[in-house]
Amino acid sequence: MTRGNQRDLARQKNQKKQQEMQKKKNASEKTGMSLSERKHRDAELMREKQRKKEEQSGQGNQKQAVH
């Protein structure tokens, strides 16, 4: 029923894993955009995409009306 140092090794391994995850999180926060910046950028991209689609559908309607 004894496990020796298996629990201690598992704790150390988990602690190291948590530290690595924290480092990655901190690095991405420093180099990446904030949530609000991403939302603003994505909203602008979607508006542009929608505008282009409306222009294409408008041109398609004009072509159908001519024929």
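Good morning. This chain has two helices and zero strands. Helices here are DSSP runs of H or I with at least four residues, strands are E runs of at least two, and both are numbered from the N terminus.

A word on the source. The model is predicted, so local features need pLDDT of at least 70 and side-chain atom pairs count only at pLDDT 80 or more, while totals for chains, interfaces and linings use all residues. Residues are numbered from 1 along each chain as its sequence is written, and side-chain values use heavy atoms, with hydrogens and water left out.

Surface next. The chain has 67 residues, and 0% of them count as buried. Buried means under 20% relative accessible area, exposed means over 50%, and partly exposed lies in between, with a 1.4 Å probe and protein chains only. The accessible surface of the chain is about 7000 Å². Carbon and sulfur atoms hold 50% of that surface. These areas come from the Shrake-Rupley method with a 1.4 Å probe, and for residues only the protein chains shown count as cover.

Now the charges. Side chains of opposite charge can pair when their charged atoms come close. I call a pair a salt bridge when a side-chain nitrogen of Lys or Arg is within 4 Å of a carboxyl oxygen of Asp or Glu. How many salt bridges does that rule give? Five.

Start in helix α1, residues 6-31. Arg-11 and Asp-8 form a salt bridge there, at 3.5 Å from N to O. Why can these two meet? They sit three residues apart in the helix, so about one helical turn separates them. Arg-11 is exposed, at 56% relative accessible area. Asp-8 is partly exposed, at 42%.

On to helix α2, residues 35-66. Glu-48 and Arg-51 are both in this helix, three residues apart, again about one turn. Their side chains make a salt bridge at 2.4 Å, N to O. Both partners are partly exposed: Glu-48 has 34% relative accessibility, and Arg-51 has 37%. Glu-55 joins Glu-48 and Arg-51 in a network of salt bridges.

One more pair. Asp-42 and Arg-41 meet in a salt bridge at 3.1 Å, N to O. Asp-42 is partly exposed, with a relative accessible area of 37%. Arg-41 is partly exposed too, at 38%.

To wrap up: two helices, zero strands, five salt bridges, and 0% of residues buried. Thank you.
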